[in-house]
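Trainee: I would like to learn how to read the features of a structure one at a time. Please take the general idea before each case.

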Amino acid sequence: EQAIVDRLDDALPLLVDAIWDVAPQVDILIIDDNSPDGTGDWCDRKAASEPRLKCLHRAGKLGLGTATIAGMKWALEHGYDLAVRLDGDGQHDPSELGKLLAPVRRDEADVVTGSRFVGGEGAYRPPFSRRVGITWFARLVSLLTRQRVTDTTPGFQALDRKGIALFANDSPSDYPEVEATVLVLKHRLRLVEVPVTMREREHGSSSITFLRSVYYAFKVTL
């Protein structure tokens, strides 16, 4: 098991422990897109002795959008009324889970997004080209939906039963984050942003190269 953890660069095991440090009662579902780094094997071994951990294995790298659908379908089928989606690379801080969950628990929102920019400038400083893209999409979505949105690509969200049901049945499959925000608001779900701190990526590197970012900006804008 230690060899598997080493190949994982400790990111996922540390994240799982950090979540349970904050919310020891929650169940965690790990969606494994046939990852070559041992994610699936580690998850199966951990789940064998830890009933709070669930593993969902997929046949190949099917992408974030379909992973969201698969995860939300699983949550819906198993009767969950509340779900939180976060990345496994260490950028999202589990200690901020309470911020996302509070508006849902107060019945003030159906979907709560952790924003890096709401309420002013935080410590997060993306590269200039990425910041231009983030600003452009935030303004575009705000214009289309008539609700001010500051961050359309954070990947850190809490959802109630309505939000779970929405994404269990429909989620953009290719670079889905921006379109998913529009989807929430077009279905008249209540979207709230709360300020969160985005940490630097602890392990691995982004799959979005410069050419992919150009394609992303063009496609998603259309």
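Trainee: Which way do S4 and S6 run, and how many bridges join them?

Mentor: Strands of a sheet pair through backbone hydrogen bonds, either parallel or antiparallel. Here S4 and S6 run parallel, joined by five bridges. Two strands pair if DSSP finds at least two bridges between them. Helices (H or I, at least four residues) and strands (E, at least two) are DSSP runs, numbered from the N terminus. One of the contacts is Thr113, whose bridge partner in S6 is Glu193.

Mentor: Keep in mind that this is a predicted model, in which local features need pLDDT of at least 70 and side-chain atom pairs count only at pLDDT 80 or more, while totals for chains, interfaces and linings use all residues. Residues are numbered from 1 along each chain as its sequence is written, and side-chain values use heavy atoms, with hydrogens and water left out.

Trainee: In what order do the four strands of the open sheet lie?

Mentor: The order is S3-S5-S4-S6, with mixed pairing. Strand S3 (82-85) and S6 are the edge strands, each pairing on one side only. From one strand to the next the twist averages 20 degrees; axes are lines fitted to C-alpha atoms, for helices over the stretch in contact, and angles run from 0 to 180 degrees between N-to-C directions.

Trainee: How many salt bridges does a search of the whole structure find?

Mentor: A salt bridge is a side-chain nitrogen of Lys or Arg within 4 Å of a carboxyl oxygen of Asp or Glu. The search finds nine. In one of them, Asp33 and Arg58 meet at 2.6 Å, N to O. Asp33 lies in the loop between strand S1 (28-32) and helix H3 (39-49), and Arg58 in the loop between strand S2 (53-57) and helix H4 (64-77), so the pair ties together parts that are 25 residues apart in sequence.

Trainee: Is Asp33 buried or exposed?

Mentor: Buried means under 20% relative accessible area, exposed over 50%, partly exposed in between (1.4 Å probe, protein chains only). Asp33 is buried, at 14%, and Arg58 is buried, at 14%.

Trainee: What is the case for Lys99 and Glu96?

Mentor: Their closest N and O atoms are 3.1 Å apart in a salt bridge. Lys99 is partly exposed at 42%, whereas Glu96 is buried at 8%.

Trainee: Which residue forms a salt bridge with Arg190?

Mentor: Asp107 does, with the closest N and O atoms 2.9 Å apart. The pair links distant parts of the chain, 83 residues apart: Arg190 is in the loop between helix H8 (177-186) and strand S6 (191-195), Asp107 in the loop between helix H5 (97-105) and strand S4 (111-115). Arg190 is partly exposed at 32%, and Asp107 is exposed at 51%. Shared partners join Asp107, Asp110 and Arg190 into one network of salt bridges.

Trainee: How many cavities of 30 Å³ or more are there?

Mentor: Rolling a probe the size of a water molecule over the atoms shows where empty space is left. On a 1 Å grid over the protein atoms alone, a cavity is a set of points where a 1.4 Å probe fits but cannot get out; lining residues have an atom within 4 Å of a point. Grid points are joined across faces, edges and corners, and a volume is the space filled by probe spheres set on the points. The search finds one cavity of 30 Å³ or more, and the largest cavity has a volume of about 110 Å³.

Trainee: Which residues lie nearest its centre?

Mentor: Of the 15 lining residues, these are Arg85, Gln157, Phe167, Glu177 and Ala180. H8 gives the most to the lining, with three residues.

Technical notes. On a 1 Å grid over the protein atoms alone, a cavity is a set of points where a 1.4 Å probe fits but cannot get out, and a pocket is an open set with protein on both sides within 12 Å along at least five of seven lines; lining residues have an atom within 4 Å of a point.
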